[in-house]
Amino acid sequence: MKTPTESRAVRMPGGLSLRLDVRALAVAVLLAAAALAAGVLLVGTGDAKIAPADVLRTLAGNGTAYQNFIVDELRLPRVLVGLLVGAALGLGGALFQAVSRNPLGSPDVLGLSQGSAAGALVVIVLLSGSAAQVTAGALAGGLVTGALIHLLAWRQGVHGYRLVLVGIGISAILTAVNGYLLTKADLVDAARAVVWMTGSLNGRDWTQVWPLLGLCVVVVPVVLGHARALRMMEMGDDAASALGVPVQRTRLVLMTAAVLLTAAATAAAGPVSFVALTAPQLARRLTRSPGPNLLPSLCMGALLLVAADWASQRAFGADQLPVGVVTGVLGGAYLLWLLVTERRAGRI
Amino acid sequence: MNTPGTPYIPGSTVNRLSAEHVTLAYDQRVIAEELSVEIPDHSFTVIVGPNACGKSTLLRALARMLRPSTGRVLLDGQAIHSLPARKVARTLGLLPQSSVAPDGISVGDLVGRGRYPHQGLLRQWSAEDERIVREAMTRTGVADLADRYVDELSGGQRQRVWIAMTLAQQTPLLLLDEPTTYLDIQHQIDVLDLCAELHESGGRTLVAVLHDLNHAARYATHLVALRDGRVVAEGAPADIVTAELVEEVFGLRCQVIEDPATGTPLVVPASRAARAGRGRAAGVSGTGVS
């Protein structure tokens, strides 16, 4: 018998055995490499261009003082924030989609982004707060919205469709609230709010990198530790629970992780649209594996965001766009394509 | 644990699975109160009853899916809800009424998932897992389909694959919630034959909820008839399936004859005319072939 779909069992003495999906692992490694390469390219991009080789030399600590300043102080933190935000959104999106068993179950659709935006807008418009306070407001907004969706969708456990429908409702309400807050704002605050709401990596520095990195270091291993249980839950709650998965607890842990990742990412870069929606689906098409594809989605998210940031700086001539515009345009096109193919396949 | 072949002693408490005075409810809707059921070890127990009598609810409670609001379900002498899910899953398997095969999953992969309760982070796929999965597929006749996608199988084949998955779980107790629903008649018989084989050859205890009373009477070694959340009768089909019982449980006038193929009770609904004349001809059951 062939071991199930392209996975290889690795067995060691002492009863230790691992099961590796070779293709998924290869996809994750290639995507991670591509994301890092795009990151290096991006560090060299800007008014002062630096060749990729020089970027690498500078990162290794052998650059000139000028290169050190440009790379370490100006561009590296921005690229790292981009990588981390993309990774967090990709993983968060994969978790939401797996838990809701719906490719539309993404933070954009569920209203988490709008929740973060509401938090940020309250700080900008009503409190005229500092950048750090805006970040805190966005974080709080995202977390509160996540908790709210979870509470409202909870009825003898959270179910996929209810989660998506409740999320869409919350999203609509929050969009109205955000619109109202914008009309209350004076011109300067409104401009600042709109830029924030588009999602941008401009001016990100080390103070954004560390908290995000810290969160990922804690949350990602917890999530990966629950990956096997999540795989069982694809078959329905009853089947998973018959196999010994504590379904409600697993879902609570994973939803909390997804909300934390998304809220933190949004707080750092604004609601960068569609990355959470597209990354898991693209990753899935590459791995051709039915599973939640957590690691490939994470790497795909990082690649998507850094590539979009590069495009936003280079592709439109002199106009530098916020990265959220690029992901929005690409993601919207992708969403249409998804709807058309799913329709053809008769799934919606 | 009982050794295989231990006879069932009615009223004894040595059975591995039982419900003791349970009240079962969804939200505020009470399905059953003070319900007690013993599942005889090594039996093929079938639970029957009209729609909404609580048979699937009872099965869910026995499988630890539904927590009784009062009373308890006992597995090997312990309250099943006090045991960890994974531990229960090594003793008791359930084939739910509705399961979703993930998109693009192969038969081998799906059956392999039955090994989950025996695996861990550092023991993900042992040689033993592989052997057991292969054996489960052979026993259910799906070994040749191992590399096929589950989506492209017929309903009957798919049900065999799901049963193979629960077999790979290697539990001495196996619960099946309406395993024949949505299947053609030949596949219904096919699945029931498979269940009977598994029951006879492995010393396993099987519990199934079935819709069809004649299938139940033919395959069960122990029958539990439910109505409105209480047990109307339980015992061997030949002992309890009578026209009176069918009328009491299902509200259907009928006669019970001997199944010419197996000798088990066969329920033949009375003709329309005879049923229209109910009340006039009391005691028509078992007499007057029309």
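**Exercise 1. Which residues of chain B have pLDDT under 50 and eight contacts beyond four places in sequence?**

Residues are numbered from 1 along each chain as its sequence is written, and chains are lettered from A and ligands numbered from 1 in the order in which they are written. This is a predicted model, where local features need pLDDT of at least 70, side-chain atom pairs count only at pLDDT 80 or more, and totals for chains, interfaces and linings use all residues.

Step 1: pLDDT is the predictor's confidence in each residue, on a scale from 0 to 100. Two residues are in contact if their C-beta atoms, placed from the backbone, lie within 7 Å.

Step 2: the stretch is residues 1-12 of chain B. Residues 279-290 of chain B also stay under 50, and there the model has 14 contacts beyond four places in sequence.

Step 3: For chain B overall, the mean pLDDT is 88 and 91% of residues reach 70 or more. The model scores ipTM 0.85 and pTM 0.86.

**Exercise 2. Work out the strand order of the open four-stranded sheet in chain B.**

Step 1: helices (H or I, at least four residues) and strands (E, at least two) are DSSP runs, numbered from the N terminus. Two strands pair if DSSP finds at least two bridges between them.

Step 2: the order in chain B is β2-β1-β4-β5, with antiparallel pairing. The edges belong to β2 (29-39) and β5 (78-79) of chain B; each has a single partner strand, so one side of each lacks a neighbour in the sheet.

Step 3: look at β1 (residues 17-26) and β4 (residues 70-75) of chain B, which run antiparallel and are joined by five bridges. Ser18(B), for one, has Leu74(B) in β4(B) as its bridge partner. Helix α1 (residues 55-62) of chain B packs on this sheet, touching β1, β2 and β4 of chain B, and its direction makes about 120 degrees with that of β1(B).

**Exercise 3. Is Pro322(A) buried or exposed?**

Step 1: a residue is buried if 20 or more other C-beta atoms lie within 10 Å of its own, exposed if 12 or fewer, and partly exposed in between, with C-beta atoms placed from the backbone.

Step 2: Pro322(A) has 22 other C-beta atoms within 10 Å, so Pro322(A) is buried.

Step 3: Pro322(A) sits in the loop between α14 (294-314) and α15 (323-344) of chain A. Leaving out residues up to four places away in sequence, Pro322(A) touches several residues, among them Val195(A), Thr198(A) and Ser312(A). Thr198(A) is 124 residues from Pro322(A) in sequence, but 6.8 Å in space, C-alpha to C-alpha.

Notes: Axes are lines fitted to C-alpha atoms, for helices over the stretch in contact, and angles run from 0 to 180 degrees between N-to-C directions.
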